[in-house]
Each structure stands twice: as C-alpha cells, then as structure tokens.
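Here's a quick tour to read with the model open beside you.

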Amino acid sequence: MNKDEFILKAEAIYKSYLMGVTEVKVLEGVDFSVDKGEFVAIVGASGSGKSTLLHILGALDKPDKGVVAFAGRDLSRYSGGELNRFRNKMVGFVFQFYHLLDELSVLENVYLPTMVSRGVFGWLECRGRARRRARELLEQLGLAERANHKPYQLSGGERQRVAIGRALMNEPNILLADEPTGNLDSATGNGILEVFEKLNRAGQTIVMVSHNERVAQRAGRIVILADGKIRRA
Ligand SMILES: Nc1ncnc2c1ncn2[C@@H]1O[C@H](COP(=O)(O)OP(=O)(O)OP(=O)(O)O)[C@@H](O)[C@H]1O
Ligand SMILES: [Mg+2]
C-alpha cells in the first residue's frame with residue numbers, strides 16, 4: 001500500500017495515569033493507523049482505554065511515549081498554532097453526550113467551530129458562507145426544520161445529529177466518534193450509524209469507538225483494544 005494513503009498513524013503509544021501512588025497503565029504499545037476513506041471501529045471493554053486512545057489520536061491528549069503522525073508529520077513537532085488548527089480543521093469530534101451549548105441555537109452550534117477558528121474579523125467576512133454551509137449540513141442530517149431550536153428542545157438522536165453537523169462543519173479529514181450511539185435507544189442509534197455509513201460512502205474517513213460489537217459491525221474494519229494493545233478482530 002502506498003505510504004501516502006495513511007492519513008493518521010499512531011505507533012507504540014503508551015499512556016498511564018497516576019492514581020495517588022499507583023500507576024494505572026492504560027495503553028501499552030498501541031499501533032493503529034487509519035487510511036483515507038476508511039470507516040474503522042475500535043472496540044474494547046469499558047476501561048480498556050478507547051477514549052484515551054481517541055483523544056490522543058485527535059491531539060486532545062498527549063501520549064507518554066510513542067508517535068502520532070498525520071500525513072506523515074509527527075504531531076509532537078507541531079507548534080501550538082498548528083495543533084489548534086489540527087484539532088479544529090483536520091479532525092471532528094463526536095461524543096457520547098453530544099456536548100452542545102444549550103444557550104445557542106442548533107444552527108449556531110453547528111457553525112461554532114468556524115466562528116472559533118476565524119476570529120472576529122475573519123468571522124465577519126465568512127459568516128454568510130458559514131451559515132449557508134451549516135444550513136446545508138442540517139438539511140443533509142434531516143434537521144432543516146430544527147435550525148432555530150435550542151438543543152434541549154431536541155431528542156437524543158437529533159442532538160447527536162447536530163453534534164455530527166458541528167464535527168463536519170470545517171470539513172475534517174477524519175471524524176472521531178466516541179460511543180456516538182451509547183446514549184441512544186437501538187433504533188435511534190441505528191439512524192446515527194446510517195448517517196456515518198452514508199458519510200463514509202461519500203468519502204469521509206471515520207474512526208468510531210464502541211464497547212458494543214453490534215455497533216462496531218457497521219464499520220468497514222474492526223480492531224480490538226485489550227490489555228493496552230490493539231488486536232485485529
Ligand atoms: N484523567 C484520568 N485520570 C486517571 N485515570 C484515568 C483518567 N482517564 C482515564 N483513566 C483511567 O484509564 C482507563 C481507561 O479509561 P478510558 O476512558 O480511556 O476507557 P474506555 O475504554 O473509554 O471506557 P468506557 O467504555 O467506559 O468509556 C480507566 O481505567 C480509567 O479509570
Ligand atoms: Mg470511553
């Protein structure tokens with residue numbers, strides 16, 4: 001396989017946490033990579049380190065040891081500004097509990113990442129375009145009628161679709177999803193997985209974490225995180 005096809009690659013990742021005087025070893029030499037266009041699921045028991053790994057892949061956390069490289073470039077060599085750009089533009093995060101802002105409308109929640117990345121003057125210049133893109137995303141996600149609602153007025157499945165819209169707003173290279181259906185009943189969760197499948201068919205690279213094998217089956221490839229390492233399913 002062509003080396004350039006690897007867009008995000010983690011090698012020999014170690015991470016442990018100190019709980020008082022005890023060291024809890026979570027990741028002990030994880031190797032993982034995702035190719036452009038893939039939909040990969042990482043499964044593992046609760047506490048196996050899935051969220052820890054996903055945060056490290058998205059540069060929300062740093063490994064104790066090991067290298068995460070995006071398009072061949074080691075993230076630990078990025079400057080602060082480059083890291084912010086990576087978090088804001090290259091990856092999009094979807095979380096189990098949505099993390100939407102209740103004071104903002106659905107539409108505002110979706111375009112928030114663009115607002116944050118542009119600064120005041122940049123935002124004034126691009127806000128028309130950003131609003132249009134946010135509306136398009138809401139339409140694709142079946143939420144056009146909900147643009148002016150507040151998140152607390154929506155169902156769980158609708159909130160998660162808003163969170164997906166927000167994650168997609170800046171056209172990320174990779175969508176990172178942490179138990180995106182973990183808080184939803186199975187029919188609603190199924191709707192979210194259908195959204196992911198459709199996005200992936202359109203070329204979106206996705207890494208999804210779940211403790212649920214049935215959910216993971218929807219991905220094109222499954223890897224298992226156990227005993228601090230990745231195994232192929
Ligand atoms: N900030 C922290 N401080 C101390 N320990 C932590 C911290 N974050 C995670 N851990 C520990 O690391 C281990 C892995 O946690 P992590 O959240 O990555 O697991 P997970 O696989 O996502 O679990 P779940 O399926 O329940 O979400 C757990 O034992 C957890 O208690
Ligand atoms: Mg977790």
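## A lysine in a loop

Setting aside neighbours within four places in sequence, Lys150 is in contact with Asp102 and Ser105. Keep in mind that this is a predicted model. Lys150 sits in the loop between H3 and H4. Lys150 and Leu100 are 50 residues apart along the chain, and their C-alpha atoms are separated by 9.5 Å.

Now for helix H3, which covers residues 106–140. A straight helix of 35 residues would span 51 Å, yet H3 spans only 14 Å between its end C-alpha atoms. H3 has a kink of about 125 degrees, centred on Gly119. Its buried residues include Val106, Leu107, Tyr111, Pro113, Ala134 and Leu138. The partners they pack against are helix H2 (80–90) and helix H4 (156–168). Just after H3, Gly142 takes a positive phi of about 75 degrees.

Last stop, ligand 1. It is surrounded by 13 residues, and the closest are Tyr17, Ser46, Lys50, Ser51 and Thr52. Strand E1, strand E2 and helix H1 each supply at least two residues of this shell, with H1 giving the most, at 3 residues.

| Class in the shell | Count |
|---|---|
| Nonpolar | 4 residues |
| Polar | 8 residues |
| Charged | 1 residue |

Definitions and conventions: Residues are numbered from 1 along each chain as its sequence is written. Chains are lettered from A and ligands numbered from 1 in the order in which they are written. This is a predicted model: local features need pLDDT of at least 70, side-chain atom pairs count only at pLDDT 80 or more; totals for chains, interfaces and linings use all residues. A residue is near a molecule or strand if its C-beta atom, placed from the backbone, lies within 6 Å of it. Helices (H or I, at least four residues) and strands (E, at least two) are DSSP runs, numbered from the N terminus. Ala, Val, Leu, Ile, Met, Phe, Trp, Tyr, Cys and Pro count as nonpolar, Asp, Glu, Lys and Arg as charged, and the others, Gly among them, as polar. The expected span of a helix is 1.5 Å times one less than its number of residues. The bend at a residue is the angle between axes fitted to the seven residues ending there and the seven starting there. A residue is buried if 20 or more other C-beta atoms lie within 10 Å of its own, exposed if 12 or fewer, and partly exposed in between; C-beta atoms are placed from the backbone. Two residues are in contact if their C-beta atoms, placed from the backbone, lie within 7 Å.
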